[in-house]
Structure formats: C-alpha cells, structure tokens
Amino acid sequence: KDASKEIINIAFGKAAASLADIIGLYVILSVPKVEILQPEEIQRFIEREIGEAKGLHIIEQYYIGKIKGAAFLVLSYENSKQLLSLLEKEEIKESFNFSSIAMLEQETVTEIGNIIIGACVSKTAELLKDFVTYTPPRFIGGKFSGRDLPQKLFDKETYAIVLKTLFQFENKNISGFLFLVNSVESLDWLKKAIHDYMKHYGYE
C-alpha cells in the first residue's frame, strides 16, 4: 500500500502539470488514500469518504490495460455550477449550442472529468510501463448508489485496490473526489509492476 501510494503520488504530480496545460487551471491533487477492499466494502468506503452531500454529479469511466478498472470523479451540484461559471465564455456557449444551461453544465463536468481521469490514470500507467485505453465517460446525476459501481469487475471472493484523492482548483473554491477502483485481474500485475519500479530505484 505504501509503495502504491508513493507511485500514485508521483504520477499525480505529473498529471497536475499536464492538466494546467490542457485546461489552463492548476489542479491540486492530495496525497492519495489507498485501501485494499472486498467488493461489498467498496460502496461503504466511497459513501463514507464523500460524506452527506445532498446532490452529486458523478463521471464514470472505465480504463483498460494491464491495469484495469473504473474511475469515479465526484463533484457536488454547487461545485459543478462554480466550475461552469469559471470556464464559461460566450465562445464556449456558441460552440456547444446546447438547449439549456443544465445540458451545458453536464457536458462541461463530463469533459473536465474525462480530462482529470485520463491524466491521472495515464501518468500512473506510464510510471508502471503500461498503456491504457478508455471507454467514453458517462455522466451520473444524483446521490451515489451501489448500482453505480461496475459489479462485473469484481469477484465476491477477491479484493480490489481502491484509491481516493481530493482534487482542488488552485485559488478557487472548487473541489471534488476521484476514486480509482482496480479490478482483481490487475492485482498480480500491479504487485509485480510496483516491485519492479521500486527495485529500479534501489528498494527491495
């Protein structure tokens, strides 16, 4: 767990720099929390970490490589609206041509989620000498539910590595959560990849 946390922390530092170039805003990513959980524990873990938010916007996206799993980016309604106002420009409105502000907000949050997830997962995979592809991001509105978890990734008799980080836009009162849920199929490969990474830098 400690080695995973350190590697992911390095990857997220690199991801933050990439995100600044892409969206013009510096994203601060907290030191990740890493847990090894059984499938039935994952829902409780995520709900506990999110807290009692009344309304949430969740972006779900699958990533597939040697490392395989699902990402959930979580923003409150209030933070979603603040993000929209932060990025909102007339040329953006015209280019999207949406019928309502709600649709514009949904598409903006989905695209920002896609960018943050892609940067974080890709940088982690890069450090571990892997390459991942992604499914299109999916917008989920409302309160988080166990139904939102990709159950097909898990076997009830096994474990998953679950990662949680808090992200915040620098100097802006906008923050959210990112959860990466790595499937059991990734565990053996992850152990070896992390061992090889640490060995390369002199740790046994």
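Buried means a relative accessible area under 20%, exposed over 50%, and partly exposed in between (1.4 Å probe, protein chains only). This is a predicted model, in which local features need pLDDT of at least 70 and side-chain atom pairs count only at pLDDT 80 or more, while totals for chains, interfaces and linings use all residues. Residues are numbered from 1 along each chain as its sequence is written, and side-chain values use heavy atoms, with hydrogens and water left out.

**Figure 1. Overview of the chain.** The chain contains 6 helices and 8 strands (DSSP runs numbered from the N terminus: helices are H or I with at least four residues, strands are E with at least two). Along the sequence, these elements follow the pattern α-β-β-α-β-β-α-α-α-β-β-β-β-α. Of the 204 residues, 48% count as buried. Among contacts (heavy atoms within 4.5 Å) with a separation of 6 or more, 73% are between residues 24 or more positions apart.

**Figure 2. The largest nonpolar core.** A nonpolar core is a set of buried Ala, Val, Leu, Ile, Met, Phe, Trp, Tyr and Cys residues joined through side-chain atoms within 4.5 Å. The largest one has 44 residues, and Phe 12, Phe 167, Phe 169 and Leu 178 have the most contacts inside it. Elements that give two or more residues to this core include helix H1 (2-23), helix H5 (101-127) and strand S7 (160-169). H5 supplies the largest share, 10 residues. Leaving out residues up to four places away in sequence, Phe 12 touches Leu 29, Cys 120, Thr 124, Leu 163, Thr 165, Leu 178 and Leu 180. A second, separate core of 16 residues includes Ile 42, Phe 45, Leu 56 and Ala 160.

Figure 3. Thr 110 is in helix H5 and is buried, with a relative accessible area of 11%. Beyond residues up to four places away in sequence, Thr 110 touches Ile 59, Pro 137 and Phe 139. Thr 124 is also found in H5 and is buried at 9% relative accessible area. Apart from neighbours within four places in sequence, Thr 124 is in contact with Ile 8, Ala 11 and Phe 12.

Figure 4. The buried residues of H6 are Leu 187, Trp 189, Leu 190, Ala 193, Ile 194 and Tyr 197. Seen down the helix axis, these buried residues fall within an arc of 155 degrees, so they line one face of H6 (the arc is that of the directions from the axis to the C-beta atoms). On the other side of H6, Asp 188, Lys 191 and Lys 192 are exposed. Lys 192 forms a salt bridge with Asp 196, their closest N and O atoms being 2.9 Å apart; a salt bridge is a side-chain nitrogen of Lys or Arg within 4 Å of a carboxyl oxygen of Asp or Glu. Both residues lie in H6, 4 residues apart, about one turn of the helix.

**Figure 5. Salt bridges between elements.** The structure holds 5 salt bridges. In one of them, Glu 49 pairs with Lys 33, with the closest N and O atoms 2.8 Å apart. Glu 49 lies in helix H2 (residues 39-50) and Lys 33 in strand S2 (residues 33-37), so the pair ties together parts that are 16 residues apart in sequence. Glu 49 counts as buried at 15% relative accessibility, whereas Lys 33 is partly exposed at 32%. Another salt bridge joins Arg 138 to Glu 60, the closest N and O atoms being 3.0 Å apart. This pair links distant parts of the chain, with Arg 138 in strand S6 (residues 138-141) and Glu 60 in strand S3, 78 residues apart.
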